[in-house]
Amino acid sequence: MARLTFGDQIRIAQDGAGKDTSTASQTFFKRHINSRDNFIVSKLPSHLTEIPRTFSTVASQQYYHYPPEIREIKSLVITVGSLDYPLDPIHSNERWARLNAVDFQANALPQYYFKRQRDFGIWPIPAAVYTGTLTYAIRGGGLVRTDYT
């Protein structure tokens, strides 16, 4: 079976809907085609959809923004010198709040991370600049442009 372009998929949807080319139908078709594309990407094997991205922590900064294409954090590792320290996820707002209520030693190494809607936090707050490696599953980029040559 040949690969279908975004335009091919829209034309097939239009044909199945009685050649409906109205703006409302175009929007409906594109939304559902993208929904299926995202679903398929989410089911691909991890070696095709997981990306490691390095970043640097900032002394006294707890929260860091996600890369734009992130779907889900798979792991977070902080490197100090030549040693890697995997961080454990915190899944509860209550537990995260309790951890942050503790006055912890400023030179302690990060141990946990907490996912929020647009960023993630590290605890204890990094006291120095460290290299972090965020491995995450990508979100489908979305099909937005029809075919061109």
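What follows is a short chat about a predicted model.

Visitor: How many aromatic pairs does a search of the whole structure find?
Guide: Eight. Keep in mind that the model is predicted.

Visitor: Which residues do ring pairs link into a cluster?
Guide: Phe-55, Tyr-64, Tyr-66 and Phe-120.

Visitor: And arginines over rings. Which ring face does Arg-116 lie over?
Guide: That of Tyr-63, with 3.6 Å to the ring centre. Arg-95 lies over a ring face too, that of Tyr-112. There the distance to the ring centre is 5.2 Å.

Visitor: Switching to the surface. Which residues make the nonpolar patch?
Guide: Phe-39, Ile-40, Leu-44 and Leu-48 make a patch of about 370 Å².

Visitor: Where is Leu-48 found?
Guide: In helix α3, residues 46–49.

Visitor: Why does Leu-48 count as exposed?
Guide: Because its relative accessibility is 51%, and the cut-off for exposed is over 50%.

Visitor: Now the strands. How many residues of β8 are buried?
Guide: Six of its eight, so the strand is largely enclosed by the rest of the structure. Strand β8 covers residues 131–138.

Visitor: In what sense does β1 pair with β8?
Guide: Antiparallel, over seven bridges. Strand β1 spans residues 50–56.

Visitor: Which residue in β8 stands opposite Arg-53?
Guide: Leu-134.

Visitor: What about β3, how many bridges join it to β8?
Guide: Eight, and the two strands run antiparallel. Strand β3 is residues 70–80.

Visitor: Which residue stands opposite Ser-75?
Guide: Thr-135 in β8.

Conventions: Residues numbered from 1 in each chain as written. Predicted model: local features only at pLDDT ≥ 70, side-chain atom pairs only at ≥ 80, totals over all residues. Heavy atoms only, no water. Phe/Tyr/Trp six-rings, centres within 6.5 Å; stacked < 30°, edge-to-face > 60°. Lys NZ or Arg CZ within 6 Å of the ring centre and 35° of its normal. Patch = residues over 30% accessible without salt bridge, like charges linked within 9 Å, V, L, I, M, F, W, Y side chains within 5 Å. Areas by Shrake-Rupley, 256 points an atom, 1.4 Å probe, with all protein chains shown as cover. Salt bridge = Lys/Arg side-chain N within 4 Å of Asp/Glu carboxyl O. Helix = DSSP H or I, 4+ residues; strand = E, 2+ residues; numbered from the N terminus. Buried < 20%, exposed > 50% of the residue type's maximum accessible area, 1.4 Å probe, protein only. Pairing = 2+ DSSP bridges.
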